[in-house]
Amino acid sequence: MTLADLKRRLPPRTLGYLVVGALLAGAFLALFIIPDSHKAKELAVEIGQLRAALEVRRQMLPVLQSLNKARASLPAVDATEKPGRLPLSDVGRLAAIMDDLAAPSGVRMTRVSPDPASVTRGGLLAVRLGMLGEPDKFREFLLALGRFAPLVRIESVSTVVGGDGREYAVKCWLGVQ
């Protein structure tokens, strides 16, 4: 049966109803079914990604537990009670002060250079430190530096293996009055 046969056999009113019904069905399909199927596909992809991430987290759980156990066994760092300021007269003795900080940890200071051009209105002074030593001893020095009251923040830390051993460079900011 062809379209021409349908037109001859069916009255025009019925054909109109069929066309209107087909248009309504097409609009319903375009407005509701197709967008929902696209959204369902997107959600299925997102579910797959979340399942993969969850599986990775399950596999990493033993590593996380061992890291937490190792973190619990680390010694506590005693922070200073309150931040202090370094008297301006002690800036000239900064090399000796840093040597005293480094001596218990076994790190040897090679350079202490305060940058007078870096003094801010808030009374901060940039100091570049250079030292030699073992990584564990350097870690102990950083802990001691963290307890140093005038320390405001450590901006950068870098390390290089040199001819005399491992060399460290630290840029920190000290509060001065």
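## Reading the model

Contact here means heavy atoms within 4.5 Å. Helices (H or I, at least four residues) and strands (E, at least two) are DSSP runs, numbered from the N terminus. Axes are lines fitted to C-alpha atoms, for helices over the stretch in contact, and angles run from 0 to 180 degrees between N-to-C directions.

This is a predicted model, in which local features need pLDDT of at least 70 and side-chain atom pairs count only at pLDDT 80 or more, while totals for chains, interfaces and linings use all residues. Residues are numbered from 1 along each chain as its sequence is written, and side-chain values use heavy atoms, with hydrogens and water left out.

## The sheet

Let's start with the strands. An open sheet is built from 4 strands in the order β1-β2-β4-β3, with antiparallel pairing; two strands pair if DSSP finds at least two bridges between them. β1 (108–115) and β3 (151–162) are the edge strands, each with a single partner, so one side of each has no neighbour in the sheet. From one strand to the next, the twist averages 15°.

β3 and β4 (residues 165–175) pair in the antiparallel sense over 10 bridges, and these two strands form a hairpin with 2 residues between them. You can find V161 opposite R166 in β4, and I154 opposite C172 in β4. On to β2: this strand is joined to β4 by 9 bridges, and the two run antiparallel. Here L125 has L174 of β4 as its bridge partner.

## Helices on the sheet

Helix α3 (residues 94–102) lies across β1, β2 (124–132) and β4, and runs at about 140° to β1. Helix α4 (residues 135–146) also packs on the sheet, where it touches β1, β2, β3 and β4; the direction of α4 makes about 165° with that of β3.

How do the two helices meet? α3 and α4 pack at an angle of about 125°, with their axes 9 Å apart. That makes α3 oblique to α4, since angles under 35 degrees count as roughly parallel, over 145 as roughly antiparallel, 65 to 115 as roughly perpendicular and the rest as oblique. On the α3 side, M98, L101 and A102 make the contact, and on the α4 side F141, A144 and L145 do.

## Helix α2 and salt bridges

F28 sits in helix α2 (residues 12–73). The structure holds 5 salt bridges, each a side-chain nitrogen of Lys or Arg within 4 Å of a carboxyl oxygen of Asp or Glu. One of them links the side chains of R58 and E55 (3.8 Å, N to O). Both R58 and E55 lie in α2, 3 residues apart, about one turn of the helix.
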